[in-house]
Amino acid sequence: MADFESYSIHTTINPNDAEHLGERVTKYMRTDFARLNDTLTVEMALRIIRSEGVGERIVYFYVLDENEMLIGIVPTRRLLTSMPGVRIADIMIKENLISVSHRTTVLDVCQMFVQYKLLALPVLDDEDRMIGVIDAGIFTEDELTFAHRHHFDDIFQMIGFGISEIKGKSAFGRFRFRFPWLMATMMSGITCAVLTGIYETTLAQTLVLAFFLTLVLALGESVSIQSMTVALQNLHMGKPTWAGYFTWIRREIAATILIGMACALIVGLIAFAWRGELMAAAVIALTINLSVITAGVIGVSIPTLLHAIHEESKIASGPLTLAAADIVTIVLYFNAAMLIL
């Protein structure tokens with residue numbers, strides 16, 4: 001379906017109103033879609049279209065068999081630019097047809113529009129008969145798409161400021177909104193430097209720990225951002241509950257345990273093979289395992305907490321998550337070294 005034109009979808013459905021997102025697509029689909037037969041020629045098809053009339057919003061022409069089963073799709077541009085004698089069967093798209101079930105929700109349709117960049121999607125019943133079309137008619141050009149809006153919101157929460165906060169601002173105004181969240185990064189860096197100084201003796205005794213410090217920190221940060229992204233996706237569906245939060249935490253811990261074990265095994269073996277210091281390699285592996293699990297919990301907890309209390313500072317989820325992950329990782333790293341070495 002590569003010939004399908006791209007389109008930016010703009011929905012009127014309030015993304016903060018979860019009940020609309022769960023509604024079935026049949027509430028919004030049209031049934032006045034253009035039906036064609038694969039035995040027709042382009043000239044015959046156009047003649048039928050002119051005589052019978054079609055709906056107001058025609059994006060694609062759908063080719064159905066005698067049982068109303070979808071067998072092909074003809075983009076409007078392809079129909080209008082083909083020679084009159086060409087058969088519909090020769091210009092229709094037959095493979096990789098994208099359709100939705102009549103049980104599909106509005107949220108899923110929004111995601112499919114963004115994923116496949118289509119102007120319309122055919123709606124099929126349980127017997128795979130085509131019963132309608134969901135297209136851009138339920139959208140307006142006033143707002144960003146549901147999926148795009150949340151995508152941008154997620155990015156801004158990761159970097160620490162929103163576009164609405166800096167739009168039209170002077171250089172000082174932009175500085176005032178962006179700088180405070182960078183303070184979290186600076187404070188965490190200073191804290192990590194102080195902690196490293198406190199454990200200077202431990203670090204000096206086992207130099208290999210210094211070599212892998214950056215890697216251990218990077219893994220914790222990466223996992224915390226991954227977990228934060230998962231949390232932001234969950235938070236799109238509304239205000240979190242304690243039950244929902246603990247469910248997310250359980251799932252994240254289960255996932256990060258496996259991630260931590262895999263990372264710890266690989267890095268620990270490399271450290272041992274490189275320096276031949278078994279206990280130091282054990283410290284590095286243990287810290288990676290614990291820090292990855294902890295970073296996962298932090299990545300889920302901080303954005304969830306900030307959303308739950310309706311703080312405007314929830315835009316600081318990214319900087320705060322990274323800062324917390326760094327500090328916890330440093331503490332775990334050097335305390336594990338003191339206990340084991």
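Contact here means heavy atoms within 4.5 Å of each other. The structure is a predicted model, in which local features need pLDDT of at least 70 and side-chain atom pairs count only at pLDDT 80 or more, while totals for chains, interfaces and linings use all residues. Residues are numbered from 1 along each chain as its sequence is written, and side-chain values use heavy atoms, with hydrogens and water left out.

View 1. S291 lies in helix 12, helices being DSSP runs of H or I with at least four residues, numbered from the N terminus. With a relative accessibility of 2%, S291 counts as buried, a term that means under 20% relative accessible area with a 1.4 Å probe and protein chains only. Apart from neighbours within four places in sequence, S291 is in contact with V216, T329 and L332.

View 2. S224 belongs to helix 10 and is buried, its relative accessible area being 0%. When neighbours within four places in sequence are set aside, the contacts of S224 are A295, G299, T321, L322 and A325. The C-alpha atom of S224 is separated by 10.0 Å from that of T256, a residue 32 places apart along the chain.

**View 3. Packing of helix 10 with helix 12.** The axes of helix 10 (residues 208-235) and helix 12 (residues 278-308), come within 7 Å and cross at roughly 30°, where axes are lines fitted to C-alpha atoms over the stretch in contact and angles run from 0 to 180 degrees between N-to-C directions. The two helices are therefore roughly parallel to each other, the class for angles under 35 degrees. By class, their contact has 18 nonpolar, nine polar and no charged residues, with Asp, Glu, Lys and Arg counting as charged.

**View 4. The largest nonpolar core.** A nonpolar core is a set of buried Ala, Val, Leu, Ile, Met, Phe, Trp, Tyr and Cys residues joined through side-chain atoms within 4.5 Å. The largest one has 28 residues, of which L209, F212, I284, I288, I330, Y333 and F334 touch the most other members. Helix 8 (171-198), helix 10, helix 11 (242-275), helix 12 and helix 13 (317-340) each supply at least two residues of this core. Not counting residues up to four places away in sequence, F212 touches V267, A271, W274, I284 and Y333.

**View 5. Helix 5 and the residue after it.** In helix 5 (residues 106-116), the buried residues are V106, L107, V109, C110, M112 and F113. Just after this helix, K117 takes a positive phi of about 55°.

Note on methods. Angles under 35 degrees count as roughly parallel, over 145 as roughly antiparallel, 65 to 115 as roughly perpendicular and the rest as oblique. Buried means under 20% relative accessible area, exposed over 50%, partly exposed in between (1.4 Å probe, protein chains only).
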